[in-house]
Amino acid sequence: MKNFLKEYRTKTNLTQKQVATLCEISERQYIRYEVSYQVPTVNIALRLARVLGTTVEELFPLEGEE
């Protein structure tokens, strides 16, 4: 699943570790999401969107809406 985690993270000048800490997940887990190795739960997707100042829909667009 394509996502825009890295783009929003770099816009907000946060490191992977900072985003992970703010979302209360491990840095390793965050990296798995950022490289699309794993899909976050709805709860974690909501935390990521809040921390990155956007919406879940912007971070994880449906196929064809990119």
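Q: Before the fold, how are helices and strands assigned here?
A: They are DSSP runs, numbered from the N terminus: helices are H or I with at least four residues, strands are E with at least two.

Q: And what pattern does the protein chain follow along the sequence?
A: Read in that direction, the pattern is α-α-α-α-α. The protein chain has five helices and zero strands.

Q: How does the radius of gyration compare with the globule rule?
A: The radius of gyration of the protein chain is 11 Å, close to the 11 Å that the rule gives for 66 residues, so the chain is as compact as a globular protein of that length. The radius is taken over C-alpha atoms, and the rule is 2.2 Å times the number of residues to the power 0.38.

Q: Where do these numbers come from?
A: This is a predicted model, where local features need pLDDT of at least 70 and side-chain atom pairs count only at pLDDT 80 or more, while totals for chains, interfaces and linings use all residues. Residues are numbered from 1 along each chain as its sequence is written, and side-chain values use heavy atoms, with hydrogens and water left out.

Q: Ok, H3. Which of its residues are buried?
A: Tyr30, Tyr33 and Glu34. Buried means under 20% relative accessible area, exposed means over 50%, and partly exposed is in between (1.4 Å probe, protein chains only).

Q: Where do those sit around the axis?
A: On the same side of H3, because they cover an arc of only 100° around the axis. The arc is that of the directions from the helix axis to the C-beta atoms.

Q: What do they pack against?
A: The buried residues of H3 pack against H1, H2 and helix H4 (42-52). Contact means heavy atoms within 4.5 Å.

Q: Switching to backbone. Which residue after H3 has a positive phi?
A: Ser36, with phi near 60°.

Q: And what is the phi of Asn13?
A: About 55°, a positive value although Asn13 is not a glycine. Asn13 lies in the loop between helix H1 (5-11) and helix H2 (16-23), and is exposed, with a relative accessible area of 67%.

Q: Where is Glu24?
A: Glu24 lies in the loop between H2 and helix H3 (27-34). Glu24 has a positive phi near 60° without being a glycine, and counts as exposed at 66% relative accessibility.
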